[in-house]
Amino acid sequence: MLSGQTYKNFEVCISDDCSTDRRESELVDFLKTSGLSFSYKRQEKNSRYDANLRASVALASGQFCFLLGNDDCLASPETLLKLHNELQLYGPVGVVITNYEDFATGKRDRRIRKTGVIGSGPEVAASNYRNFSFVSGILFETAKAKEHATGKWDWSEMYQMFIGCRMIAEGGILLGLETVTVRKDIRIHG
């Protein structure tokens with residue numbers, strides 16, 4: 001779904017946490033021939049989820065970074081265009097949380113019930129922290145996410161919770177989008 005997006009002004013940032021499937025060259029060859037802007041880095045050692053997520057964010061050069069797990073995909077070819085338009089409509093935001101659905105069943109998980117600015121500050125962060133438990137479909141202002149990079153919470157498996165809540169608590173505006181941006185748990189036949 002990345003190469004089929006109608007909105008083309010994005011980059012793909014992949015931190016390979018020492019995968020063992022021996023498909024690195026296949027992936028890099030695809031990226032090189034896809035026409036997509038990309039950054040790819042293979043880590044020297046397996047550092048697990050939190051450090052790998054931090055490494056992916058570190059590769060990003062755009063204003064925002066959209067988190068997408070390795071077994072998830074964008075919901076439609078218009079996903080990034082819709083996100084871009086919503087960001088333009090709601091003005092400067094620091095964090096965005098969207099909805100997602102199951103790839104096989106289409107069952108929607110609605111962590112956001114109504115589109116709109118939710119706010120900022122410690123109370124908003126605390127009341128929304130559970131919405132960060134599923135990584136895909138979360139968007140961060142890249143520069144702010146990089147400012148908060150730390151290994152302090154490594155091995156928690158919830159680095160996105162720390163970054164998102166920290167940014168909101170310090171004044172970053174949280175926008176909730178009812179839009180489904182992600183289909184989780186891709187299933188590829190064969």
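The side chains of Lys184 and Asp185 come together in a salt bridge, with 2.8 Å from N to O, in a structure that is a predicted model.

**Salt bridges**

- The number of salt bridges in the model comes to seven, and the pair of Asp185 and Lys184 is one of them, joined at 2.8 Å between N and O.
- Lys144 forms another salt bridge, in which its partner is Glu147 and the closest N and O atoms are 3.8 Å apart; this distance still qualifies because the cut-off for a salt bridge is within 4 Å.
- Lys144 and Glu147 both belong to helix H5, which covers residues 142-147, and because they are three residues apart there, about one helical turn separates them.
- The two residues of this pair fall into separate accessibility classes, since Lys144 is partly exposed at a relative accessible area of 37%, while Glu147 is exposed at 56%.
- Arg166 and Glu170 meet through their side chains in a salt bridge with an N to O distance of 3.1 Å, and Arg166 is partly exposed, its relative accessible area being 41%.

**Aromatic rings and charges over them**

- The structure contains two aromatic pairs, and in the one formed by Tyr159 and Phe162 the ring centres lie 6.1 Å apart with the planes at 40 degrees, so that this pair is classed as tilted.
- Tyr159 and Phe162 are placed three residues apart in helix H6, residues 159-169, and are therefore separated by about one helical turn.
- Tyr159 is buried, with a relative accessible area of 3%, whereas Phe162 is partly exposed at 21%, a value that stands just outside the buried class because buried means under 20%.
- The ring of Tyr159 also has a charged residue over its face, namely Arg54, at 5.1 Å from the ring centre.
- A further arrangement of this kind involves Phe103, over whose ring the charged end of Arg183 sits at 4.2 Å from the centre.

**Surroundings of Ser136**

- Ser136 lies in the loop that runs between helix H4 (122-128) and strand S8 (138-141), and this residue is buried, with a relative accessibility of 0%.
- A polar atom of the Ser136 side chain lies 2.7 Å from the backbone nitrogen of Gly69, and the side chain of Ser136 is also joined to that of Asp72 by a polar contact of 2.6 Å.

**Cysteines**

- The model holds zero disulfides, and Cys13 is in none, its nearest cysteine sulfur being that of Cys65 at 8.1 Å.
- Seen from Cys65, the closest cysteine sulfur is that of Cys13, and the 8.1 Å between them is too far for a bond, because a disulfide calls for sulfur atoms within 2.5 Å.
- Cys13 is partly exposed, with a relative accessible area of 22%, whereas Cys65 is buried at 7%.

**Helix H6**

- Helix H6 is mostly covered, as eight of its eleven residues are buried.
- The buried residues of H6 are Tyr159, Gln160, Met161, Ile163, Gly164, Cys165, Met167 and Ile168, and Tyr159 among them has a relative accessible area of 3%.
- After H6 comes Gly171, which has a positive phi, near 110 degrees.

**The loop with Ser19**

- Ser19 is placed in the loop between strand S1 (11-16) and helix H1 (24-34), where it is partly exposed with a relative accessible area of 31%.
- Along the chain Ser19 and Arg42 are 23 residues apart, and in the model their C-alpha atoms are separated by 8.6 Å.

How values were computed: Residues are numbered from 1 along each chain as its sequence is written. This is a predicted model: local features need pLDDT of at least 70, side-chain atom pairs count only at pLDDT 80 or more; totals for chains, interfaces and linings use all residues. Side-chain values use heavy atoms; hydrogens and water are left out. Helices (H or I, at least four residues) and strands (E, at least two) are DSSP runs, numbered from the N terminus. Buried means under 20% relative accessible area, exposed over 50%, partly exposed in between (1.4 Å probe, protein chains only). Rings of Phe, Tyr and Trp (its six-membered ring) pair if their centres lie within 6.5 Å; planes under 30 degrees apart count as stacked, over 60 as edge-to-face and the rest as tilted. A charge sits over a ring if NZ of Lys or CZ of Arg is within 6 Å of the ring centre and within 35 degrees of the ring normal. A polar contact is a pair of N or O atoms within 3.5 Å; within protein, one must be able to donate a hydrogen and the other to accept it, and residues adjacent in sequence count only if both atoms are side-chain atoms.
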